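Here is a short note to go with the model. Please keep the structure open while reading the points below.

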Amino acid sequence: MFVPKLYVYTFLGEFVLLYPVYTLLFTDSGLSVAETSSLFVIWSVTGMVLEIPSGAWADAVSRRLLLFLGPLLAGAGFALWVLFPSYWAFALGFVLWGAEGALVSGAFEALAYEELERRGLQSRYAAIMGRAHSIGIAAAASAIALATPVFAIGGYPAVGVASVVACLLCAATALTLPERRPARAASADSDGRYLAVLRAGVAEARTDRNVLEAIVLISVVTAIWGALEEYVPFLAAETGAPRTAVPLLVLAVWVGAAAGGLLAGPARRLSERSFALVLALAALAMAAGALVPHPAGFLLVAGAFGAFQMAGVVADTRLQERVSGGQRATVTSVAGLGTNVVTLAVYTAYGAGSPFLSHGTTFALLILPYVVIALWLARERVAPM
């Protein structure tokens with residue numbers, strides 16, 4: 001039952017009915033665009049600051065504990081938004097939500113991999129995590145679909161209550177996950193152990209060449225397409241499609257990403273150069289699809305998003321296979337920090353270029369790092385993954 005519990009946890013973590021309407025809540029509460037943007041900055045910075053310290057906490061104390069606390073913090077933030085709709089309540093909510101992301105990041109992957117390893121199933125990690133990512137996408141899509149009727153019936157309180165309940169159920173699911181590790185929270189030397197784990201994890205991420213390469217790969221592959229996903233509706237509108245068709249084009253991209261997650265298991269067996277070729281072809285497909293001034297180009301865009309989703313899961317698998325010692329969550333959190341940094345860079349570049357470039361051109365230019373990564377991987381002579 002371990003793997004199904006991972007899937008349930010992932011589903012509930014993304015099944016938040018506030019997702020599609022929280023920006024409307026901010027607007028209806030009188031926030032300006034600048035104030036809303038500042039909230040996103042608070043959210044991102046919180047996650048970046050807490051990413052590595054929370055990973056070390058997971059390694060030193062308990063991964064399951066952090067997986068339990070994370071959804072509770074997010075649920076508390078969502079409750080604040082609905083009960084006290086004001087800028088400072090929204091800001092505190094984003095701090096709590098950012099903390100949730102940091103607590104779960106690293107801890108989830110570390111617990112999943114080590115439990116599978118204990119059962120002799122570590123070779124299934126890529127397939128299982130790929131399915132988990134696809135389930136997360138399905139959960140977010142379901143939440144968006146359900147938010148419309150729930151919001152129509154009960155407004156912000158209704159979607160808020162539903163979101164908090166999902167977080168509570170997610171936290172409860174975390175308590176059912178196994179963790180065969182000694183509890184050290186009450187250790188007399190817990191502070192010393194925490195610092196030792198933190199130093200060891202950062203040192204491994206910095207000095208182990210194989211681990212560092214995997215971290216770079218995760219950061220670039222995961223962050224760029226993840227950031228560009230936020231701009232897909234603008235790209236869809238630019239194709240000339242009717243406004244009523246834009247959601248369908250966005251859905252096509254989501255379907256592509258979900259399919260990519262399901263292909264992560266077989267993709268794990270690709271050789272290094274084959275994997276590089278997949279990245280290069282996906283980048284070319286993304287650029288070509290984005291530059292085609294017709295909705296049909298979204299078939300290429302959706303395929304590219306699927307390939308990038310698949311590549312991200314494979315990169316995470318490679319990292320888990322290369323980490324040694326008891327600081328797995330810490331090292332994975334270093335990769336999470338790298339992903340956040342690259343994501344912010346993409347947002348900044350997109351915003352800076354938006355007054356001068358079309359969305360299609362911006363997509364095509366920002367996808368170029370994938371070609372660079374593909375060329376770098378093609379030169380590496382290593383064994384198949």
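1. Arg-209 is exposed, with a relative accessible area of 53%. Exposed means over 50% relative accessible area, buried under 20%, and partly exposed in between (1.4 Å probe, protein chains only). Its salt-bridge partner is Glu-213, at 3.0 Å from N to O. Glu-213 counts as buried, at 11% relative accessibility. A salt bridge here is a side-chain nitrogen of Lys or Arg within 4 Å of a carboxyl oxygen of Asp or Glu.

2. Both residues sit in helix α9 (residues 209-228), so their four-residue separation is about one helical turn. Helices are DSSP runs (H or I, at least four residues), numbered from the N terminus. An α-helix has 3.6 residues a turn, so residues three or four places apart point the same way.

3. This is a predicted model: local features need pLDDT of at least 70, side-chain atom pairs count only at pLDDT 80 or more, and totals for chains, interfaces and linings use all residues. Residues are numbered from 1 along each chain as its sequence is written, and side-chain values use heavy atoms, with hydrogens and water left out.

4. Which residues form salt bridges with Glu-115? Arg-118 does, at 2.9 Å from N to O. Arg-119 does as well, its closest N and O atoms being 2.8 Å from those of Glu-115. Glu-115 is buried, at 3% relative accessible area. Arg-118 is partly exposed at 45%, and Arg-119 is partly exposed at 38%. Glu-115 and Arg-118 lie three residues apart in helix α6 (residues 107-118), about one turn of the helix.

5. The whole structure holds nine salt bridges. A network of salt bridges links Asp-59, Arg-63, Glu-114 and Arg-328.

6. Look next at Phe-78, in helix α4 (residues 63-83). Is Phe-78 buried or exposed? Phe-78 is buried, with a relative accessible area of 2%. Leaving aside neighbours within four places in sequence, its contacts (heavy atoms within 4.5 Å) are Val-16, Leu-18, Trp-97, Ser-163, Val-164 and Cys-167. Phe-90 is 12 residues from Phe-78 in sequence and 8.6 Å away in space, C-alpha to C-alpha.

7. Helix α7 (residues 125-175) deserves a look. It has 51 residues, yet its end C-alpha atoms are only 21 Å apart. A straight helix would reach 75 Å; the expected span is 1.5 Å times one less than the number of residues. A kink of about 125° lies at Gly-154, shortly before Pro-157. The bend is the angle between axes fitted to the seven residues ending at a residue and the seven starting there.

Key:
Helix = DSSP H or I, 4+ residues; strand = E, 2+ residues; numbered from the N terminus.
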